[in-house]
Amino acid sequence: MKGGYAESTGGAFYAIRLGVLEYLNRVGRQASAIAIREVTPEYKVPVGIWQAREAVRNGMGVNVRRFSDVNEAINYVNASLLTGGSLWLNYSRLIREFRSDLVKFLI
């Protein structure tokens with residue numbers, strides 16, 4: 001999405017981003033965030049991006065989990081997804097950057 005509108009997300013990118021930024025502003029922090037929204041065949045009535053925005057708003061700071069490294073976090077997410085893991089990894093530029101920075105740090 002470099003510099004342009006995130007066309008493939010239908011506005012969900014910005015709705016989720018808003019919820020994350022509101023939370024970070026409220027707690028006075030800066031952070032990187034990856035949001036994964038899993039849509040299964042049981043999701044029959046799409047109600048719009050407001051649902052994604054409100055889910056993020058209501059979920060930020062709740063049931064926080066801490067991981068020792070990015071791979072532990074990836075394994076947790078993959079095990080939690082109903083549709084199976086790892087598909088999202090192919091699309092996450094941020095994960096590639098985290099892994100690259102981790103390799104640079106270890107060398």
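Guide: Let me begin with a term: a polar contact is a pair of N or O atoms within 3.5 Å, and within protein one of the two must be able to donate a hydrogen and the other to accept it. Please bear in mind throughout that this is a predicted model.

Visitor: What makes the pairing of Thr-40 and Glu-42 a polar contact?

Guide: The side chains of Thr-40 and Glu-42 are joined at 2.8 Å, and because the limit is 3.5 Å, the pair qualifies as a polar contact.

Visitor: Where does Thr-40 lie, and why is Thr-40 called buried?

Guide: Thr-40 belongs to the loop between α1 and α2. Its relative accessible area is 17%, and since buried means under 20%, Thr-40 is classed as buried.

Visitor: Which residues make up the largest nonpolar core?

Guide: That core consists of six residues, namely Val-70, Ile-74, Leu-81, Trp-88, Leu-89 and Ile-95. A second, separate core has five residues, among them Ile-16, Val-20, Leu-24 and Ala-52. In soluble globular proteins, nonpolar side chains tend to be buried together.

Visitor: How many aromatic pairs are there, and why is the pair of Phe-13 and Tyr-14 called edge-to-face or stacked?

Guide: The count is two aromatic pairs. In Phe-13 and Tyr-14 the ring centres are 4.8 Å apart and the planes stand at 85°; because centres within 6.5 Å make a pair and planes over 60 degrees apart count as edge-to-face, this pair is edge-to-face. Phe-13 is partly exposed at 31% relative accessible area, and Tyr-14 is partly exposed at 29%.

Visitor: What makes the contact of Arg-57 with Glu-22 a salt bridge?

Guide: The closest N and O atoms of Arg-57 and Glu-22 are 2.6 Å apart, and because the cut-off is 4 Å, the contact counts as a salt bridge. Arg-57 lies in helix α2 and Glu-22 in helix α1, so this pair ties together parts that are 35 residues apart in sequence.

Visitor: How many salt bridges does the structure hold, and which residues are linked in a network?

Guide: There are three salt bridges. Glu-54 meets Arg-53 at 3.1 Å, N to O, and Glu-54 meets Arg-57 at 2.7 Å, N to O; Glu-54 and Arg-57 both lie in helix α2, three residues apart, which is about one turn of the helix. The network therefore links Glu-22, Arg-53, Glu-54 and Arg-57 through salt bridges.

How values were computed:
Residues are numbered from 1 along each chain as its sequence is written. This is a predicted model: local features need pLDDT of at least 70, side-chain atom pairs count only at pLDDT 80 or more; totals for chains, interfaces and linings use all residues. Side-chain values use heavy atoms; hydrogens and water are left out. A nonpolar core is a set of buried Ala, Val, Leu, Ile, Met, Phe, Trp, Tyr and Cys residues joined through side-chain atoms within 4.5 Å. Buried means under 20% relative accessible area, exposed over 50%, partly exposed in between (1.4 Å probe, protein chains only). Rings of Phe, Tyr and Trp (its six-membered ring) pair if their centres lie within 6.5 Å; planes under 30 degrees apart count as stacked, over 60 as edge-to-face and the rest as tilted. Helices (H or I, at least four residues) and strands (E, at least two) are DSSP runs, numbered from the N terminus. A salt bridge is a side-chain nitrogen of Lys or Arg within 4 Å of a carboxyl oxygen of Asp or Glu.
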